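Trainee: I am new to this structure and would like to know what stands behind the terms used for it.
Mentor: Then ask term by term.
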Amino acid sequence: MGRNVPMFALVAGITLSTFSATAQNGFSLKSVNVDLPTSDRVLPDGPGADVACLACHSAGMVLNQPALSKAQWQAEVEKMRLAYRAPVDPKDVDAIVAYFVRIAGTD
Amino acid sequence: MLNSVPRPVSSRRYFLRSAGTATLALLTAPAWAETMIDLPLPGGPGRRPVTTAFPQKGAMILQRTRPPLLETPFEVFDESVFTPNDRFFVRWHWALIPTEVNVKTFRLAVHGHVNQTLSLSLDDILALPQVELAAVNQCSGNSRGYFSPRVAGGEWSNGAMGNAAWTGVRLKDVLDRAGLKPRAVQVRFSGLDDPVVADAPKFMKSLDIDHARDGEVMLAYGMNHEQLPLLNGFPLRVIVPGWYSTYWAKMLNDIEVLDQPDTNYWTKTAYTIPDTPYASIYPGEPNVRLVPINRMVPRSFITNIKSGDPFHAGRAALARGIAFGGDTGVARVDFSSDGGKSWQAAELGKDEGKYSFRQWQIQFTLPVKGDYVLMVRCTNSQGVAQPAAPNWNPSGFMRNVIEAMPVVAG
């Protein structure tokens, strides 16, 4: 597909501490401290690409989508803006939808 | 024996593999060592990295890095009826996930329409009667990538599911300690995760009070007899046997008893399905009544054969795999090697309980050289069978069509 293979900026590790909680029946729990990896995948350049999508999720969420209709992209952008409170100005919605239709549209 | 009630296991002792070690550092492969997998999603894109970069996780299909969506590679389901914790799928809604949980300071709050507000430590919870139950945990959108026409969302293949033995306590026992007031109608769960955007809706899910108190819904601190991986909800996760994973709240630290139906976004608006058979409609269908997603439906898979595999004509071969009944047990699994024209009953493996995966196997022979389609169909103990036609809805939920796998005899 010519898309970037993600590179991880962080190597994940895990620490299980000696603090523990133990049941009389033998089950014990130990504190956990981990690192989560990050992604440096980016969205393709273009008008409408400079949006707030990546504040909430990495680019793979977008790049793994199938080709969708303009109506489907419109619904996704409006769901992100209205339900998930993505900081998108209503006047930018048309340009963002046009961008997604250009990179992964069916019409 | 089909027994839906969690079994007390207080006489048994389980040990963590890591017990006794102060620090366990997992070295992970560098990024360049990742392999890629090509999921056969119609129209693509299907290429995904297989990553070992996530803590407490082995090789997983990377659907999204942040917040993590990690899929179980399908060959894992051929290895055992229980899905290993380090290969169990991962799905988070919001990216602010605590990376550290201290078992001494962690508290579970129980509040709202109760007689006595509780703040329970993990020691308090571990001291309650212990139960164990095997249950399938499946994402509502498992297999979404096979919807036609395609829909937006996590573009999963069939690996957003897993089966585990869950150890913990009955939610009923916790609610009884708090004491429900007479007008309690629902119980709402939320965890330590938070939205990135301040005024976005925190992830919360609710169950009706009778469901929450049915003695089957659990709070699990054990998964396959170990503590849960952090990404699967350490230290405490809601188990809702037979229901989709969206209700199985992770990193549970808050239980609120409500005296009116929950109106929060994740319960009322998100995760709704058409109130139609198989939650199926046609694209653009008007006037669809939506209801919250709820009980799972039967599914079955061949796990030891891959699409396009070659066979010897006239020679006996073995097919095996897994099935689950959804909200009840597996009654039968039927197998077809002629694209569904004829069916033979497969032999069922050990019954681990009605909410568990059930292994099956059958010998079959492809009589002459040519192309064949293998199919497998589960019928559950209420007589519900997988449908021959795929369902469709705009959210990509509840796929359970009979799986079809083309193979070649030569």
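Trainee: How many residues of domain 1 of chain B are in contact with domain 2 of chain B, and what makes it a contact?
Mentor: This is a predicted model. In it, 25 residues of domain 1 of chain B are in contact with 20 residues of domain 2 of chain B. They count as contacts because the C-beta atoms of the two residues lie within 7 Å. On the domain 1 side, strand 10 of chain B gives the most, with four residues. By class, that side has 15 nonpolar, nine polar and one charged residues.

Trainee: Which residues of helix 2 of chain B are called buried, and what makes a residue buried?
Mentor: They are B:L171, B:V174, B:L175 and B:A178.

Trainee: Why are they said to line one face of helix 2 of chain B?
Mentor: Seen down the helix axis, the buried residues fall within an arc of 95°, so they line one face. Their cover includes strand 8, strand 11 and strand 14 of chain B.

Trainee: What makes strand 9 and strand 13 of chain B edge strands?
Mentor: The open sheet has the order 9-8-17-12-13. Strand 9 and strand 13 each have a single partner strand, so one side of each is left without a neighbour in the sheet.

Technical notes. Residues numbered from 1 in each chain as written. Chains lettered and ligands numbered in written order. Predicted model: local features only at pLDDT ≥ 70, side-chain atom pairs only at ≥ 80, totals over all residues. Buried ≥ 20, exposed ≤ 12 C-beta atoms within 10 Å, placed from the backbone. Helix = DSSP H or I, 4+ residues; strand = E, 2+ residues; numbered from the N terminus. Arc of directions from axis to C-beta. Pairing = 2+ DSSP bridges. Nonpolar A, V, L, I, M, F, W, Y, C, P; charged D, E, K, R; others polar.
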